[in-house]
Amino acid sequence: MSYHHTRKAPLRAVAALAVVTAFAAGCTRGSEAGTSGTVADTKAGCPAVLAKAKAAVKAAEDVNAAWDGPTTGPEAVAGKTIVYVAQSMTNPGVAGAADGVKEAAKAIGWNVRIIDGQGTPAGIQAALSQAVAVKPAGIVLSGFDPKSTAQQVAQANAAGIPLIGWHAVDAPGPSTDPKLFSNITTQVQDVATISADWIISQSNGRAGVVVFTDASIPFAKGKSDLIEKELATCSDVKVLTTSNIPIADASNRTPQEVSALLSRFGTKWTSSVAINDLYFADAAPALRAAGKQGNGAPFNIGAGDGDPSAFQRINSKQFQAATVPEPLSEQGWQIVDEFNRAFAGKPASGYVAPVHITTADNSGGKSSWDPSGYREAYRKLWGK
């Protein structure tokens, strides 16, 4: 789980105090929140912040929001071959975006070749060297830091091959250093803010939160800092502690850490948010062993990719209540559309997908977040 995995897995906040607030106010989510939540709202330490958080969460949970992507762009440029260099095809985010690229390439009439870097720096460098040698029309850098492949990136730039990143650098859109035609990702600030808002909303403004991060990765640390900043806007939401566990060590260290946190904080720990869903895969056995219920506190939200295992935990209500998933297939289609713009001599679209929150109530039992409307919209743009 590389730089990419974390990058794409922004923080996931955890819902809190459901039991307490349900008892106190019968407060629920969605359409009922406006009426049944009013009693508790007056008791929360941050009524204005809580109201704003509830509105933001409600909007982010909407599965039927209209497509808001580009409405103009060049018609399909014919007969191109692109190469998708993957950090690792075992990484669900990288593989999900790859599936979207393949589907979109078929729709636009292009060829795609996938080269798997297999998760090691040497493997990723070799994969990108191979991609440049093929002399394709364009190359996707999926899930790894282009600075780790600076030599190969320079070769591609020199050969005039446009590069598009998927979770390659922190910010969405074009990049000058490294030189990328565009980078496809959600806004980390938006992911961090909505995951914190979810905790504020679900706890009715009263929560004790544990934040799981990997401080060795600047992007991850930046994300958890943003989450904590948003949580701090509500006076009755307390960050109990920030648990720093490197992603590479998560499976070994998280279970013991969770046991220690339960001993230390007991029932004060009502919510958690993690920069990546995977922390909750590793936390679940320890929570279960401590006699915690899968659908009870601490309520966990992942600010990460929204990989299939996170959806499974959410759908089965087993120690994860929510995630802020990337729309992986849609991002794959966007990559193909951005290449089409590059090949036509047009600028990047600048589109950034809005954040979404998946819970058991809105997932539809699915294992990924796949918004509607984008396939038809892109086909229309391309004249396909």
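Is Tyr351 buried or exposed? In this predicted model, Tyr351 has a relative accessible area of 12% and is therefore buried. The cut-off for burial is under 20%.

A search of the whole structure finds 10 aromatic pairs. One of them joins Trp67 and Tyr351. Their ring centres are 5.2 Å apart and their planes meet at 55°, so this pair is tilted. Trp67 sits in the loop between α5 (47–60) and β1 (81–86). Tyr351 sits in the loop between α14 (328–343) and β11 (358–359). The pair therefore ties together parts that are 284 residues apart in sequence. Trp67 counts as partly exposed, at 22% relative accessibility.

Trp67 also pairs with Tyr378. Here the ring centres lie 5.4 Å apart and the planes stand at 70°, so the pair is edge-to-face. Tyr378 belongs to helix α15 (residues 374–382). This contact ties together parts that are 311 residues apart in sequence. Tyr378 is buried, with a relative accessible area of 0%. Ring pairs link Trp67, Tyr351 and Tyr378 into a cluster that also includes Trp333, Tyr374 and Trp382.

A helix pair was also examined. Helix α11 (residues 250–265) packs on helix α12 (residues 278–289) at an angle of about 50°. The two axes are 8 Å apart. The helices are therefore oblique to each other, and α11 passes α12 in a right-handed crossing. From α11, the contact draws on Ala250, Ser251, Thr254, Pro255, Val258, Ser259 and Leu262. From α12, Leu278, Tyr279, Asp282, Ala283, Ala286 and Leu287 take part. By class, this contact has 9 nonpolar, 3 polar and 1 charged residues.

Note on methods: Residues are numbered from 1 along each chain as its sequence is written. This is a predicted model: local features need pLDDT of at least 70, side-chain atom pairs count only at pLDDT 80 or more; totals for chains, interfaces and linings use all residues. Side-chain values use heavy atoms; hydrogens and water are left out. Axes are lines fitted to C-alpha atoms, for helices over the stretch in contact, and angles run from 0 to 180 degrees between N-to-C directions. Helices (H or I, at least four residues) and strands (E, at least two) are DSSP runs, numbered from the N terminus. Angles under 35 degrees count as roughly parallel, over 145 as roughly antiparallel, 65 to 115 as roughly perpendicular and the rest as oblique. A crossing is left-handed if the near helix is turned anticlockwise from the far one by less than a right angle, and right-handed if clockwise. Contact means heavy atoms within 4.5 Å. Ala, Val, Leu, Ile, Met, Phe, Trp, Tyr, Cys and Pro count as nonpolar, Asp, Glu, Lys and Arg as charged, and the others, Gly among them, as polar. Rings of Phe, Tyr and Trp (its six-membered ring) pair if their centres lie within 6.5 Å; planes under 30 degrees apart count as stacked, over 60 as edge-to-face and the rest as tilted. Buried means under 20% relative accessible area, exposed over 50%, partly exposed in between (1.4 Å probe, protein chains only).
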